[in-house]
Amino acid sequence: MPLPDAFLQEQLGLIGYRDAEQLAIGMQGAVYRLGAGKVAKIWFHADERELRTLAELYAELKGLPYRTPKILSLHHPGPYWVTVEEELPGVPLHEVAPEFGTPGWARVRDCVIEVVEALAQIEAPEVLARTSVLDETDPFRPAGVSWREALSGLVRRRAARFDARLIDDFDAKVEALLSLLADLKEPEPRLVHGDVTAGNILVDDNLRPVTLLDFGLLTMAGDPVFEAAATASVMDLWSPRVREVEAAYDAAFATSLGYDADQLLLYRCAYSLIIANAHDDDPYDRDSHAPLTARFFNSPQVAALISR
């Protein structure tokens, strides 16, 4: 059952903030403007340990040419933890972005490419060796664990939660995917945000990125090509033209950053399985990604990739 706004407002009232303005609701939580340059985030799944680790991550983020969140205080007024953070500049890209296929869309593409390229330059902070992803509690990639090993383990765990009946030859496809991942060259660890959506990029009046939000859902020390593959998918995930959008971004990633098309597709397979059931415990009961993942895995392009 969806959480009523009045209930969430009550939680903020318990820590001294009344008449807050709801700004957004996502899988991770709800965000409210408090005034005086502050916002609050009510976390639907995170516990105290996760949020203190996230605060460390935010404190260690250095080198990005954008503003990033900073947690000012942590509260537990009721069933959910609440962070009070700095309010950051810009408006969500999705609110002002021209539609895909229109002449102005190229500015959106260039904005996203810039963010992905900037992240690829940042060495993974040490705290990521202690950071978990999604609803998991163990660190995704502890010290000494390779990227390929960590990613393959995550794919196996998430595939075990997937309804295999939705995908033709599911077990064989997963094993073929894992085999291809094992053959990848081990990359230099870089900061992977993991959820670069059009809602997490805040832009100025010229569609230039000024703020990058919401690290933590799938933030990891990993391969920037994985970041690119995931970003291309989630920019317009629910659109009937999602494959066209992905192809347009993939072409731009190949031209601008030199990324390989087959590696982008391989990582997209991994990413789609990883997020397929990410909404299972969403209190707002938003749609699962599972049907989208099934449609993708049943497509000719995936069949051709994993049959090699």
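**Close-ups of pockets, a hairpin and salt bridges**

**View 1. Helix 2 and the second largest pocket.** Helix 2 (residues 48–60) supplies six residues to the lining of the second largest pocket, the largest share of that lining. Helices here are DSSP runs of H or I with at least four residues, strands are runs of E with at least two, and both are numbered from the N terminus. We're looking at a predicted model, so local features need pLDDT of at least 70 and side-chain atom pairs count only at pLDDT 80 or more, while totals for chains, interfaces and linings use all residues. Residues are numbered from 1 along each chain as its sequence is written, and side-chain values use heavy atoms, with hydrogens and water left out. This second largest pocket comes out at about 470 Å³. Its lining takes in 30 residues, and the closest to the pocket centre are His45, Ala46, Glu50, Leu134 and Asp135. Sorted by class, that's 11 nonpolar, eight polar and 11 charged residues. (Nonpolar covers Ala, Val, Leu, Ile, Met, Phe, Trp, Tyr, Cys and Pro; charged covers Asp, Glu, Lys and Arg; the others, Gly among them, are polar.)

**View 2. The largest pocket, about 1,300 Å³ in volume.** Go to its centre and the closest of the 47 lining residues are Gly26, Thr197, Gly199, Asn200 and Asp214. Elements giving two or more residues to this lining include strand 1 (21–25), strand 2 (29–35), strand 3 (38–43) and helix 9 (261–275). The class tally is 25 nonpolar, 11 polar and 11 charged residues. A pocket, on a 1 Å grid over the protein atoms alone, is an open set of points where a 1.4 Å probe fits, with protein on both sides within 12 Å along at least five of seven lines; lining residues have an atom within 4 Å of a point. Points are joined across faces, edges and corners, and the volume is the space filled by probe spheres set on them.

**View 3. The hairpin between strand 1 and strand 2.** To get your bearings, find Ile25, which sits opposite Ala30 of strand 2.

**View 4. Arg208 and Glu114 in a salt bridge.** Their side chains meet at 2.8 Å, N to O, and the structure holds 20 salt bridges (a side-chain nitrogen of Lys or Arg within 4 Å of a carboxyl oxygen of Asp or Glu). This one links distant parts of the chain, 94 residues apart: Arg208 lies in the loop between strand 8 (201–203) and strand 9 (209–212), and Glu114 in helix 4 (residues 105–120). Arg208 is partly exposed at 45% relative accessible area, and Glu114 is partly exposed too, at 23%. (Buried is under 20%, exposed over 50%, partly exposed in between, with a 1.4 Å probe and protein chains only.)

**View 5. A salt-bridge network of Arg243, Glu246, Asp250 and Arg268.** Start with Glu246 and Arg243, whose closest N and O atoms are 2.8 Å apart. Both are in helix 8 (residues 242–257), and because they are three residues apart, about one helical turn separates them. Glu246 is buried at 2% relative accessibility, whereas Arg243 is partly exposed at 31%. Next come Asp250 and Arg268, whose side chains also meet at 2.8 Å, N to O. Asp250 counts as buried at 14%, and Arg268 is buried at 3%.

Methods. Two strands pair if DSSP finds at least two bridges between them.
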